[in-house]
Amino acid sequence: MGAVSIQSVQKTYNKMVVIENLSLTIEDGEFLVLVGPSGCGKSTLLRMIAGLEDISDGQISIAGRLINDLAPKDRDIAMVFQSYALYPHMTVEDNMSFSLRLKRVPKEERDAGVASAAGILGLAPYLKRLPRQLSGGQRQRVAMGRAIVRNPQVYLFDEPLSNLDAKLRVQMRSEIKLNHARLGTTTVYVTHDQIEAMTMADRIVVMNAGKIEQVGSPLELYDRPANLFVAGFIGSPAMNLLYGRGMPEGLKLEDGTVVPMTLSPDALGRDLVAGIRPEHLVIADSGLKAEILTVEPTGAETQIVTRMAGRDVFVSFRERLNLAPGDRLHLKPMGGTIQLFDAESGNRLGQ
Ligand code: ADP
């Protein structure tokens, strides 16, 4: 079975630690996305699974087999890169069958493998073309086809859609998801794009500075971020963060406004951060005073930036409201939607 077990893995470059004592199990058949800002170590982790980087410390196993010292070709993985990495002088067909030829797989079996992958990816009409005669999306499909024909235990994707335009990215996203549903192969997918992570993953691992901040399903991370980093990273526009202090009457914000709420005893007298998703604020007769700065209709919804308690606060409305910059109004968080974090540690209160 193609589970991947990462145990206490560390990566250092010239004594600089870039992955710190990281442990994670990727279940057999799971689609796991590693997401985080640039430089957080997600590609390094993927490349250690692939065998393209040494593992400084710890252990990685694939399907129960320790792979630390195995060459990439012996790990039973297939990797898809952002750059496609196709052989420019080889046809689509030859690119896709190359690894099978290296393994001396008989021609009939190779052809069947290529035909099957080409069928899945809609590449059958292009098998005799060279990569330069294909669009970006088609090239990325060939890179995926090459991975599929190898029938590996694990697929590793490193930002595979970053070179595509927005529309094609959305299309390829669902194609990759669909292929995963069909093939059921364990997949580890690296991206810096939280929307890609949300839409594709069974589970997301949010990384920051070489460490895991949180692991969970997309909606677990969205609904219950473990800390301010995840709260700010998952969701677009991001969760609004209002700073204040826990008082018996509620949360007293920086400008003195009080958000009435019942706080647990341990939150009283503490510096807190209230997280409110943009879709959880509604217009009310009374509540938090806000001034509209910008109004951005997207069609399906309208994004509004307001100034509230000295901070820019995003609000999204599904209904079409007649609002304009300069308008003043009151906003209220819907009941039970405020998430509280400790300002000092950044951790969620009341797990
Ligand atoms: P991400 O994929 O999340 O953008 P990377 O895994 O590429 O991040 O990089 C993680 C950290 O390791 C970064 O600080 C990067 O500068 C550093 N790093 C990556 N490769 C090397 C290398 N070959 N030598 C030294 N530092 C490296």
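Biologist: Not counting residues up to four places away in sequence, which residues does Asn 95 touch?
Modeller: Keep in mind that this is a predicted model. A touch here calls for heavy atoms within 4.5 Å. Leaving out partners up to four places away in sequence, Asn 95 touches Leu 86, Tyr 87, Met 90, Pro 131, Val 142 and Arg 146.

Biologist: Is Asn 95 buried or exposed?
Modeller: Asn 95 sits in helix H2, which covers residues 92–102. The cut-off for buried is under 20% relative accessible area. Asn 95 has 0% relative accessibility, so the residue counts as buried.

Biologist: How far is the backbone nitrogen of Tyr 87 from a polar atom of the side chain of Asn 95?
Modeller: Tyr 87 is one of the residues that Asn 95 touches. For a polar contact, the two atoms must be within 3.5 Å. From the backbone nitrogen of Tyr 87 to a polar side-chain atom of Asn 95, the distance is 2.8 Å.

Biologist: Over to the ligand: which helix gives the most to the shell around it?
Modeller: The residues around the ligand are Tyr 13, Val 18, Pro 37, Ser 38, Gly 39, Cys 40, Gly 41, Lys 42, Ser 43 and Thr 44. With 3 residues, from the stretch 42–50, the top contributor is helix H1.

Biologist: How many residues of that shell are charged?
Modeller: Lys counts as charged, while Gly goes with the polar ones. Sorted that way, the shell has 4 nonpolar residues and 5 polar ones, and the number of charged residues is 1.

Biologist: How much of the ligand's exposed area does the protein bury?
Modeller: Let's start with the oxygen atoms of the ligand. One is 3.0 Å from a backbone N or O atom of Gly 41, and a side-chain N or O atom of Lys 42 comes within 2.9 Å of a ligand oxygen. For a polar side-chain atom of Ser 43, the distance to a ligand oxygen is 2.6 Å. On its own the ligand exposes 560 Å², and the share buried by the protein is 59%.

Biologist: And what share of the contacts in the chain is between residues 24 or more positions apart?
Modeller: The chain has 8 helices and 20 strands, and its C-alpha atoms fill a box of roughly 75 × 45 × 35 Å along the principal axes. Taking contacts with a separation of 6 or more, the part from residues 24 or more positions apart is 65%.

Biologist: What percentage of the residues in the chain is buried?
Modeller: The chain exposes about 16900 Å², with 50% of that supplied by carbon and sulfur atoms. Of its 351 residues, the buried ones make up 48%.

Methods: Residues are numbered from 1 along each chain as its sequence is written. This is a predicted model: local features need pLDDT of at least 70, side-chain atom pairs count only at pLDDT 80 or more; totals for chains, interfaces and linings use all residues. Side-chain values use heavy atoms; hydrogens and water are left out. A residue is near a molecule or strand if one of its heavy atoms lies within 4 Å of it. A polar contact is a pair of N or O atoms within 3.5 Å; within protein, one must be able to donate a hydrogen and the other to accept it, and residues adjacent in sequence count only if both atoms are side-chain atoms. Accessible areas come from the Shrake-Rupley method with a 1.4 Å probe; for residues, only the protein chains shown count as cover. Helices (H or I, at least four residues) and strands (E, at least two) are DSSP runs, numbered from the N terminus. Buried means under 20% relative accessible area, exposed over 50%, partly exposed in between (1.4 Å probe, protein chains only).
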